[in-house]
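This report describes the salt bridges of one protein and then turns to a surface patch.

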Amino acid sequence: MSSLSKQSLRISEIFYSLQGEARDSGLPTVFVRLTGCPLRCTYCDSEYAFYGGERMSLEQILQQVKSHPARHVCVTGGEPLAQPNCLPLLEALCDADYSVSLETSGAMLVDQVDPRVSRVVDLKTPASGEKHRNRMENIRALTRNDQIKFVICDRGDYEWARFTLDQYSLPERVGEVLFSPSYEQLQARQLAEWILADGLPVRLQMQMHKLLWGDIPGV
């Protein structure tokens, strides 16, 4: 029996869609959504992934991923790193020659993630209700292959993100710094105007999948 068949994860869903966020936005992607999350952000759009799911071996997960025609895979949650076997899954996906990204909160250490993976670290802003969970030591582990995301709910969040951007020299440390308006809380145009007024070296991102299909699971 191979090691991939012995190791398992609780999976909420595996689906094929367009990447709606971050550097690979617009690319056909297979999403592997792991069950469970220790955070409770005020704007969470994947609460259905907190519980339930199906136990699957890494081998079964890879077989399902291979059934789709994409070469990009996004491992997400919940909080995927809350399950320790997320690490060998990421390694196995890279070994299978996929381009792999990991969507993770700022609350879990990321230093053990395979360096071939692009880590998209969502630093929690004040309005998320979970700013105190950020592990700022993660920033030292990030490289130009990685990305940092801020979900902005209001002007206070924007000012905090702007300060953090400068405090940690984020544009020089990571490949992309992403400012995203919280869906139906902050108008994208308003965030765009703030970014332009301050000349910030960040990328405004909108959730393409929600613009196309609305706020529903599995797309």
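E137 and R135 join their side chains in a salt bridge with an N to O distance of 2.8 Å; the term denotes a side-chain nitrogen of Lys or Arg within 4 Å of a carboxyl oxygen of Asp or Glu. The model is predicted: local features need pLDDT of at least 70, side-chain atom pairs count only at pLDDT 80 or more, and totals for chains, interfaces and linings use all residues. Residues are numbered from 1 along each chain as its sequence is written, and side-chain values use heavy atoms, with hydrogens and water left out.

The count of salt bridges comes to 13.

| Pair | N to O distance |
|---|---|
| E137 and R135 | 2.8 Å |
| R33 and E13 | 2.8 Å |
| R133 and E130 | 3.7 Å |

R33 belongs to strand β2 (residues 28–34) and E13 to strand β1 (residues 8–18), so their bridge ties together parts 20 residues apart in sequence. Strands are DSSP runs of E with at least two residues, and helices are runs of H or I with at least four, numbered from the N terminus.

Burial is judged by relative accessible area: buried is under 20%, exposed is over 50%, and partly exposed lies in between (1.4 Å probe, protein chains only). R33 is buried at 12%, and E13 is buried at 16%. E137 is partly exposed at 30%, as is R135 at 32%.

A network of salt bridges links R155, E159, R162 and D198.

M206 lies in the loop between β9 (203–204) and α8 and is partly exposed at 41%.
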